[in-house]
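Here is a short briefing to read alongside the sequence and the model. Keep both open and follow the strands first, then the helices.

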Amino acid sequence: MAVSDYEDAMNNGYNQEIKLQVQSVITILQAEYDKCEAGDLTEEEAKKEAAEIVRAMRYGDAGDGYFWIDDTDYNLVMHPILPDQEGNNRYDLEDQNGVMIIQEIMKVCNSADGGGFNEFYFTKADGVTVAPKVAYSELFAPWGWAVSTGNYVDDMQVEMTGVEGRINQKFEVLCIVIVIMM
C-alpha cells in the first residue's frame with residue numbers, strides 16, 4: 001500500500017510540477033505581450049523575444065526539462081531540441097499508437113480550462129529513444145500559442161523503482177523485527 005500511495009503521490013507531483021512550469025512561462029509571455037501593448041516593442045519583436053526567453057528556460061535537477069510552443073494553426077513556433085522543425089505545420093504529427101499529438105494538445109488548450117494533460121509517445125532528446133510522455137499544455141490566447149512541457153514516463157518509473165526498493169527493504173526489516181519480538 002505504501003508503494004501504491006508513493007506512486008500516486010509521485011505522479012501527482014510530476015503533473016503538478018509541469019503544470020506550474022507552464023504557468024510560469026505563461027507569465028513570461030504575458031510580460032512580453034504587455035511590452036507590446038505599451039508600445040515598447042512591436043508584436044513581432046515581443047514574440048521573438050518571448051520565444052528566445054522560453055527556448056533558454058530549463059527546469060529539473062538535471063536541467064533537462066524544456067518547453068515548446070505550437071500555435072493554434074498547428075505550426076511549431078519554438079522547440080529548443082528541434083529548432084530545424086520550427087515553422088513546420090504539425091497537424092498530422094502522430095505517435096506510434098495513432099495519437100494525433102498536436103491535435104490533442106489543441107483540444108485541451110481550447111477546453112473550458114484553457115489547458116490540460118495529454119499522453120503520447122515521443123522521441124527523447126537523444127534522437128533515438130521513443131518513450132511515453134505525459135505533457136501539460138496551456139493556451140496563451142493573445143498570441144494563439146500553446147505552451148507545453150512534459151515528463152517521460154520511463155524516467156519517472158526509474159526514480160520510483162529506486163524508492164520502491166527502499167520501501168520494500170524497510171518493510172522486510174520491520175517484518176523481521178516483529179517476528180523476532182514475537
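In strand β4 (130-140), proline 132 is the bridge partner of tyrosine 121. That pair belongs to a set of 9 bridges that join β3 to β4, running antiparallel; two strands pair here if DSSP finds at least two bridges between them. This is a predicted model, where local features need pLDDT of at least 70, side-chain atom pairs count only at pLDDT 80 or more, and totals for chains, interfaces and linings use all residues. Residues are numbered from 1 along each chain as its sequence is written, and side-chain values use heavy atoms, with hydrogens and water left out.

- β4 is mostly covered, with 8 of its 11 residues buried; buried means under 20% relative accessible area, exposed over 50%, and partly exposed in between, using a 1.4 Å probe and protein chains only.

- Which residues of β1 (residues 68-71) are buried on each side? Trp68 and Asp70 are buried on one side, and Ile69 and Asp71 on the other, leaving both faces covered.
- In a regular strand the side chains alternate between the two faces of the sheet.
- β1 and β5 (residues 145-152) run antiparallel and are joined by 4 bridges, with tryptophan 68 opposite serine 148.
- β1 also pairs with β2 (residues 76-78) in the antiparallel sense, over 2 bridges, and isoleucine 69 stands opposite methionine 78.
- In the β1 and β2 hairpin, with 4 residues between the strands, tyrosine 74 has a positive phi near 75 degrees.

- Helix α3 (residues 101-109) is mostly covered, as 7 of its 9 residues are buried; among them are Ile101, Ile105 and Met106.
- The cover over those buried residues of α3 includes β1, β3, β4 and β5.
- Helix α2 (residues 43-56) has 14 residues and spans 20 Å from its first C-alpha to its last, close to the 20 Å expected at 1.5 Å a residue; the expected span is 1.5 Å times one less than the number of residues.
- The buried residues of α2 are Ala46, Lys47, Ala50, Ala51, Val54 and Arg55. They cover an arc of only 165 degrees around the axis, so they lie on the same side of α2; the arc is that of the directions from the helix axis to the C-beta atoms.
- Lys48 and Ala56 are exposed on the other side of α2.

**Cysteines**

- The structure holds 0 disulfides, counted as pairs of cysteine sulfur atoms within 2.5 Å.
- Cysteine 36 is buried at 15% relative accessible area, and cysteine 109 is buried at 3%.

**The chain as a whole**

- The chain has 4 helices and 5 strands, in the order α-α-β-β-α-β-β-β-α; helices (H or I, at least four residues) and strands (E, at least two) are DSSP runs, numbered from the N terminus.
- Of its 182 residues, 40% count as buried.
- Among contacts (heavy atoms within 4.5 Å) between residues at least 6 apart in sequence, 49% join residues at least 24 apart.
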